[in-house]
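Open the model in your viewer and keep the selection panel at hand. This tour goes stop by stop.

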Amino acid sequence: AQKITQTQPGMFVQEKEAVTLDCTYDTSDPSYGLFWYKQPSSGEMIFLIYQGSYDQQNATEGRYSLNFQKARKSANLVISASQLGDSAMYFCAMRDLNTGTASKLTFGTGTRLQVTL
Amino acid sequence: NAGVMQNPRHLVRRRGQEARLRCSPMKGHSHVYWYRQLPEEGLKFMVYLQKENIIDESGMPKERFSAEFPKEGPSILRIQQVVRGDSAAYFCASSPPDRVYEQYFGPGTRLTVT
């Protein structure tokens, strides 16, 4: 069974600073994908970034980067130059890639990020 | 290309009534997933469907819940005889057939059972 752990229920960061949101995972599957989603107060789920378990380089998407440490089973999200609009819940998720077909995402409990002036 | 559509966005039902939640996937997407989010929790997988087939329903409660994705029309998540514990946000996601690792989420339906 897959498990995602997000140990930070809440985080504060000052505007323009960088922040790291922690995510550790547990799986017996050799091939998997890791995702980060943002959920603002309006409630929708916004895809941010994806990392495959066999990807050699850490994924980056604009101000988002994923610090993937496979041996430690961690996939931390780094947000650089925080903006007020980054205030939201952030969810780490994973799915098995072995089946060759789409399969379910397993989510963590989330981290609420508050960006301050 | 419109995103994943869900309706209604908000639904209020009394205990014992039925709730029907609709999801229209993105154009060209043939895979649909339903997730439930209880207050202050992460999303929990419920069911994965392709057109006219249930592929994985391991997260569906055994009773009162059902889902379908007909050949024509939206996917429907149906909850019979709702109870207060069913109050949650229900999210639908869809994937294209050639990039099944991507899941695009709809805005969710917030169900309140009174």
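Predicted model: local features only at pLDDT ≥ 70, side-chain atom pairs only at ≥ 80, totals over all residues.

**Stop 1: the interface.** Select chain A and chain B. The contact draws 21 residues from chain A and 20 residues from chain B. Together the two chains bury about 1500 Å², with 58% of that on carbon and sulfur atoms. Look for polar links next: four residue pairs are in polar contact, both partners at pLDDT 80 or more. Salt bridges between chain A and chain B number zero.

Now select strands E5 (32–39) and E10 (88–96) of chain A. These are the elements that give two or more residues to the side of chain A touching chain B. E5(A) has the largest share, three residues. By class, this side of chain A holds nine nonpolar, eight polar and four charged residues.

**Stop 2: the largest pocket.** Its space is about 400 Å³. Select Gln39(A), Arg112(A), Gln37(B), Glu40(B) and Arg110(B). Of the 20 lining residues, these are the closest to the centre. Then show E10 and strand E12 (111–116) of chain A, plus strand E9 (88–95) of chain B; each of these elements gives two or more residues to the lining. The lining counts nine nonpolar, seven polar and four charged residues.

**Stop 3: the second largest pocket.** The volume here is about 330 Å³. Select Gln2(A), Lys3(A), Leu105(A), Thr106(A) and Phe107(A), which lie nearest the centre among 17 lining residues. Which element gives the most to the lining of this second largest pocket? E5(B) does, with three residues. By class, the lining has six nonpolar, seven polar and four charged residues.

Methods. Residues numbered from 1 in each chain as written. Chains lettered and ligands numbered in written order. Heavy atoms only, no water. Contact = heavy atoms within 4.5 Å. Buried area = accessible area lost by both parts, 1.4 Å probe. Salt bridge = Lys/Arg side-chain N within 4 Å of Asp/Glu carboxyl O. Polar contact = N/O pair within 3.5 Å; in protein donor to acceptor, adjacent residues only side chain to side chain. Helix = DSSP H or I, 4+ residues; strand = E, 2+ residues; numbered from the N terminus. Nonpolar A, V, L, I, M, F, W, Y, C, P; charged D, E, K, R; others polar. 1 Å grid on protein atoms, 1.4 Å probe; cavity = no way out; pocket = protein on both sides within 12 Å on 5 of 7 lines; lining within 4 Å. Points joined across faces, edges and corners; volume = space filled by probe spheres on them.
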